[in-house]
Each structure stands twice: as structure tokens, then as C-alpha cells.
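Colleague: Could you take a close look at one part of this model for me? I would like to know what pairs and packs there.

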Amino acid sequence: TGHSLGGALATIVAFHAAADKAKRFIKTSPVMLYSVASPRCGGQKFHEMFKVLEENGKLRHARLYNHKDRVPMLPYLNGYYKHVGLGIAFRSSTLKLPPILDYPSYSRWQKRGMPLLDNLSSLLDAISYHSYAKTRARLVFYIKQFSKMSLEQEYHNVWGLHNANSNLVTVPMRKSMTENQANYSSIVE
């Protein structure tokens, strides 16, 4: 787990733990990561390999953030940095709106982001919506709903992915993901 920059670092550490060929970190279950208000932390190859680990049941990531928080939209840098994992956006608890669950599709990885001017102009929103206290308050508000969910089940619901060690049938990977495994060792070594 981690908040803000700590969430980005936790994402990178979880990736390396799940990719460890010596299996020093995981034996039978996937690495489970919960990051809070994390900025983007990797380029296209990192994200492709992250997806391979998810599809192979080695990694699960819930990326929690406040809906209007701008820090998770940083850095943009012409679309180079991208999010991974299942995004869970907390909306206003005053309006009693349900959270938004979002798993970035490959096409949206390339299109999402904010121009630099928008990033700079949203500093006040970042201060207001980025605090751990606000995120925690919204998490407490949603706790009853989340107690009925599991990260593994949400991966199944959103993407049809299963933990390879569960009793569920594993969904065949797309050809593009299999091809990306050839680049796998160059990323993690």
C-alpha cells in the first residue's frame, strides 16, 4: 500500500515482486496492491508487462483515488506515463454517489491525460482532494459496499481475469500479450 508518491513506489515494487522468476515474494497467490491517490508511474512497456502479470494471475492492483483529485492524472508528458490496475474513484459522499470502477483499456492508455496547462491550473483541486484524510473519509463511507467485493472478483467482473491458482477457469490471453512476454525479461532485469 502507499499514498501519493508512496503509491507509485508501491506499484513498482509490486510489479517487481510479481515478476520475480525466483519466486522469493509469491508462492501461490498473486501480489495484492492497494495504492491511494497514486500518480502514473510507468511507460508503455511497463504497462504491457504489468498487464501480462495480471493476465497470468500474478498481480492484482486496486488504485483508489478521489474523483476530482488531479495528482493521479500526473505526470502527463504527452501521454508517456499511464495507469495500471483497477481504478476506483471515490465520488462525493454527500451526494451518496457510488464509486466508479475503471480498468484502463489499451486504447485509453494512449489517450488519457491532461495537458500541462490543466495540470498546473488544478493545483488548488490537488490540495483539496488529494489529502489522505478526505480519501479515508470517503473510504469509510463506501466500506459497506466494499465489504461485499473482492479484488479478485472485480478483476473477473471487469476483465474476465482469474487467479491462475484459483478453481476458476483461466481466460486465454490475447495474442498481443503473449507476444509481449518476449520483451518481459528485458523489463524486469
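Modeller: Strand β1 and strand β2 (residues 31-36) run parallel and are joined by two bridges. Strands here are DSSP runs of E with at least two residues, helices are runs of H or I with at least four, and both are numbered from the N terminus. Two strands count as paired if DSSP finds at least two bridges between them. Glycine 2 has serine 35 in β2 as its bridge partner.

This is a predicted model, in which local features need pLDDT of at least 70 and side-chain atom pairs count only at pLDDT 80 or more, while totals for chains, interfaces and linings use all residues. Residues are numbered from 1 along each chain as its sequence is written, and side-chain values use heavy atoms, with hydrogens and water left out.

The open sheet has five strands in the order β1-β2-β3-β4-β5, with mixed pairing. Its edge strands, β1 (2-3) and β5 (100-102), each pair on one side only. Helix α1 packs on the sheet and touches β1, β2 and β3 (59-66), where contact means heavy atoms within 4.5 Å. The direction of α1 makes about 170° with that of β2; axes are lines fitted to C-alpha atoms, for helices over the stretch in contact, and angles run from 0 to 180 degrees between N-to-C directions.

Helix α1 (residues 5-19) also meets helix α2 (residues 44-55): their axes come within 10 Å and cross at roughly 55°. In this contact, Thr11, Phe15, Ala18 and Ala19 of α1 meet Phe46, Met49, Phe50 and Leu53 of α2.
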